[in-house]
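Subject: Structure for your review

Hello,

Please find the structure below. My notes on it follow, starting with the charged side chains.

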Amino acid sequence: MRRKLIRFHLGIRGIAVILLMLSSTFANAKQDQIAIFTATKVFTSLSSGKAKMLFKGRIKRLNNKKIVLLDWPNGSKMKKQFYHELLGQSEARINAYRAKLVFSGKGVPPKIVQQNNYLAVEKYIKGRPNSIGYALKSMISKEFTILYVVPAGENL
Amino acid sequence: MKTNYLLAILFALTTIPSSSFASIEVTDNLLFSAFGSTSITQSDNKTPLFMNRNITDETCYDCDSTLGLQLDYNFLDNFSTSIQVIKAPENDFSDPRIEWLYVGYSYKQFSTKIGRLRLPIFLDSEYAYVGNAYDLARPPQEVYNSVLGVTYFDGINFTWEQELNDDISLTVVPFLAFSGKPKATIGDSNYHFELHKLLGTAIDLNGINYRIHFASAYANVDTKVENKNVPINFPTTNSSIYVYSLGGEYNLNDLLLKAEVFANNTNTLNWYSQVAYNYNIFTPYISYGKQKAQSKSHSITTGIRFDVTPNISINTEYQYTKVDEYSKTFTTPMGPMPAFMGAGMFTKPFVAGEKEDANVYTLMFNFIL
């Protein structure tokens, strides 16, 4: 009987450990959401609507300051995922949309980092206080201000 | 042959892996952008179709050829200047035109531009030559040909941009033209305008998934029409023209709904509505347009846009257009004369024996850089 109880406890503990591991994996997955961030403390958090308006080029200023948007290289997984999750649109549709702004004289496209990695994004943002970029939240250093975390699968 | 050069450029672009839109950053402040379109198109009617494109029953390789080059330069924080040179379908490659050239200044939510500017009458009129920016192979002709192909003015505009809340922004753009002498050619007719006054306002309400555009304009203009086949001029002086347009587009996930209507004080009422659905690289669409002006016509357009790369798209399109009502004569001080202008979307009087409708087939290539 006592042996049975020990086995039962071990079983419970085993399940608990597995559950803990799963929850930790889930937590990591949540941390891997994409976040919009900047180097300045002047800008505060963005609402979902404002983040979308910003990356759609509908607004060009925050707190009356001109901002510079930063994109990952075309064709990169990060760029595709970002626009898909934030706006529910493919890179081609976003490009077509941006063409409307550029070729009507109503806006400039985001700057594009040359290298397909976070360090290139970080370097650019660090050097330009009014620039706003995006990256995996887990990668963004604490010195930056996170403006908005894109809920995973919001537009999927 | 010239079209082949453009095709070669397009092909070269397709070979650049994930070539980037937008633009080439020459320096931090200087941006170079380009766009272009070319097509293989044919109708089943000998009578030329569509203003400035003149598509007939012969396979045409350069009826839609368009190439645009643009330079944008920002300086002193709040100033900008921009030039756009285009070879529109009606221009030769050797005879491009300056579509815009301006200096701009912005302060907070206000900005102004002075110089040559695009006429902001329609939803897509400021980028109507950029085929990659919209779904159809050509902007709906019933509406976009309503202002006789006049696309720019020399003058000044002011812009006021206001965020109404986090999800909606409002843009109001009053504009005023200096005097000018724009020209237009439709079929065998040359239109010479002398602009005494042009003023108007464009208003845009922008949401995350929609845009509503309203524009109104007033022009006081002298017009002289010359026709190769009719040996008289038809001058009109001090005509007052009022135009109004209202359009909207709405994105419902992958579905795009769009409609636009144009009216003026000479009893013109043109409109279209369209539906497109984006699935991966494919965007099938259908559009219906109607024109009620000196003649009445309607058209139905259907096709598929393929986004070959983020910068290059191809349209395969079929369009049916039919003239429903038109006058074979027109009245002059000397009495009735045979009509010298085309009816509906046709740019010349019907070729003898031709019917009053046409089926148009188009394969269009577009790129942006």
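A network of salt bridges links A:Asp71, A:Lys79, A:Glu91 and A:Arg98. Please keep in mind that the model is predicted.

With A:Arg98, the closest N and O atoms of the salt bridge are 3.4 Å apart. This pair joins distant parts of the chain, since A:Asp71 sits in strand β4 (residues 68–71) of chain A and A:Arg98 in helix α4 (residues 91–102) of chain A, 27 residues apart. Both A:Asp71 and A:Arg98 are buried. The side chain of A:Asp71 also meets that of A:Lys79 in a salt bridge, at 3.7 Å from N to O. A:Lys79 is buried, as is A:Asp71.

Over all chains, the structure holds 28 salt bridges. As background, side chains of opposite charge can pair when their charged atoms come close.

Next, the interface. Chain B puts 55 residues into the contact and chain A puts in 35 residues. The area buried between the two chains is about 3,500 Å², and carbon and sulfur atoms give 48% of that. Seven salt bridges are counted between chain B and chain A. Polar contacts across this interface come to 15 residue pairs, both residues being at pLDDT 80 or more.

Two of the salt bridges can be given in detail. In one, the side chains of B:Glu163 and A:Lys50 meet at 2.9 Å, N to O. This pair crosses between chains, from strand β7 (residues 152–165) of chain B, where B:Glu163 lies, to helix α2 (residues 48–55) of chain A, where A:Lys50 lies. B:Glu163 counts as partly exposed because its relative accessibility is 30%. A:Lys50 has a relative accessibility of 17%, so it counts as buried; the cut-off for buried is under 20%. In the other, A:Lys100 and B:Glu249 bring their side chains together at 3.9 Å, N to O.

Last, the surface of chain B. A nonpolar patch of about 650 Å² is made there by B:Leu76, B:Phe79, B:Val103, B:Tyr105, B:Tyr107, B:Ile114 and B:Phe178. Strand β5 (residues 97–107) of chain B supplies the largest share of the patch, three residues. B:Leu76 is placed in the loop between β3 (66–75) and β4 (79–87) of chain B. Its relative accessibility is 65%, so B:Leu76 counts as exposed.

Regards

Definitions and conventions
Residues numbered from 1 in each chain as written. Chains lettered and ligands numbered in written order. Predicted model: local features only at pLDDT ≥ 70, side-chain atom pairs only at ≥ 80, totals over all residues. Heavy atoms only, no water. Patch = residues over 30% accessible without salt bridge, like charges linked within 9 Å, V, L, I, M, F, W, Y side chains within 5 Å. Areas by Shrake-Rupley, 256 points an atom, 1.4 Å probe, with all protein chains shown as cover. Salt bridge = Lys/Arg side-chain N within 4 Å of Asp/Glu carboxyl O. Helix = DSSP H or I, 4+ residues; strand = E, 2+ residues; numbered from the N terminus. Buried < 20%, exposed > 50% of the residue type's maximum accessible area, 1.4 Å probe, protein only. Contact = heavy atoms within 4.5 Å. Buried area = accessible area lost by both parts, 1.4 Å probe. Polar contact = N/O pair within 3.5 Å; in protein donor to acceptor, adjacent residues only side chain to side chain.
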